[in-house]
Amino acid sequence: MKYSITKDGVALNKSLYTLDKETRTFSSTVDGLVLDFSDEDAWTFKTSSGCTFTTGSGCTFTTGSGCTFTTDSDCVVVRRDVYEVIELEAGVKIKLNDYKTKGFTKVDNSESIEIESKTYTIDEIREALLIILEEVR
């Protein structure tokens, strides 16, 4: 099993999530995670808002708002805040609309950048830079 779970570019402390390999379920209440399960199929993800997912096929996501997805085939998103189910298209990157707003927008590949085999949206890079600037001050 090969996966990556990070927040702000740092590996997330294992006490902040559960990973049940038997039921293939990942759960966390932490906002803003970056989950890369690109070599894994058929997982269930239960997370908070603002997370980024890269997965294989057959995955189910139960999330809040503002999450970004790049998946393979047969994946769905269950929005808790607006009670909505979204069927994902293989290879199409989407970002969920804001809290309490149904729907999503397709993310143009020009709005992201790849660094060391990881893809980041311009917004994620902007947020990370703001955090760094705050720490320097």
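1. The side chains of Thr25 and Thr23 are joined by a polar contact of 3.1 Å. A polar contact here is a pair of N or O atoms within 3.5 Å; within protein, one must be able to donate a hydrogen and the other to accept it, and residues adjacent in sequence count only if both atoms are side-chain atoms. The model is a predicted one, in which local features need pLDDT of at least 70 and side-chain atom pairs count only at pLDDT 80 or more, while totals for chains, interfaces and linings use all residues. Residues are numbered from 1 along each chain as its sequence is written, and side-chain values use heavy atoms, with hydrogens and water left out.

2. Thr25 belongs to strand 4 (residues 25-27). Strands (E, at least two residues) and helices (H or I, at least four) are DSSP runs numbered from the N terminus. Thr25 counts as buried because its relative accessibility is 15%; buried means under 20% relative accessible area, exposed over 50%, and partly exposed in between (1.4 Å probe, protein chains only). Apart from neighbours within four places in sequence, Thr25 is in contact (heavy atoms within 4.5 Å) with Thr18, Leu19, Asp20, Trp43, Thr44 and Lys46.

3. How many salt bridges does a search of the whole structure find? The search finds three, a salt bridge being a side-chain nitrogen of Lys or Arg within 4 Å of a carboxyl oxygen of Asp or Glu. One of them joins the side chains of Glu40 and Arg24 at 3.3 Å, N to O. This pair links distant parts of the chain, 16 residues apart: Glu40 is in the loop between strand 5 and strand 6 (44-46), and Arg24 in the loop between strand 3 (18-20) and strand 4. Glu40 is buried, with a relative accessible area of 10%, whereas Arg24, at 25%, counts as partly exposed.

4. Lys106 and Glu89 also form a salt bridge, their closest N and O atoms being 3.6 Å apart. Lys106 lies in strand 13 and Glu89 in the loop between strand 11 (84-88) and strand 12 (94-96), so the pair ties together parts that are 17 residues apart in sequence. Lys106 is exposed, with a relative accessible area of 53%; Glu89 is partly exposed, at 47%.

5. An open sheet of mixed pairing contains seven strands in the order 2-1-5-7-9-12-13; two strands pair if DSSP finds at least two bridges between them. Strand 2 (10-11) and strand 13 (104-106) stand at the edges with a single partner strand each, so one side of each is left without a neighbour in the sheet. Strand 1 (residues 4-7) and strand 5 (residues 33-37) run antiparallel and are joined by four bridges; Thr6 has Val34 of strand 5 as its bridge partner.

6. Strand 8 pairs in the parallel sense with strand 6 over three bridges, with Thr60 as the bridge partner of Thr44. Strand 8 also pairs in the parallel sense with strand 10 (residues 75-79), over four bridges, and Arg79 of strand 10 is the bridge partner of Thr63.
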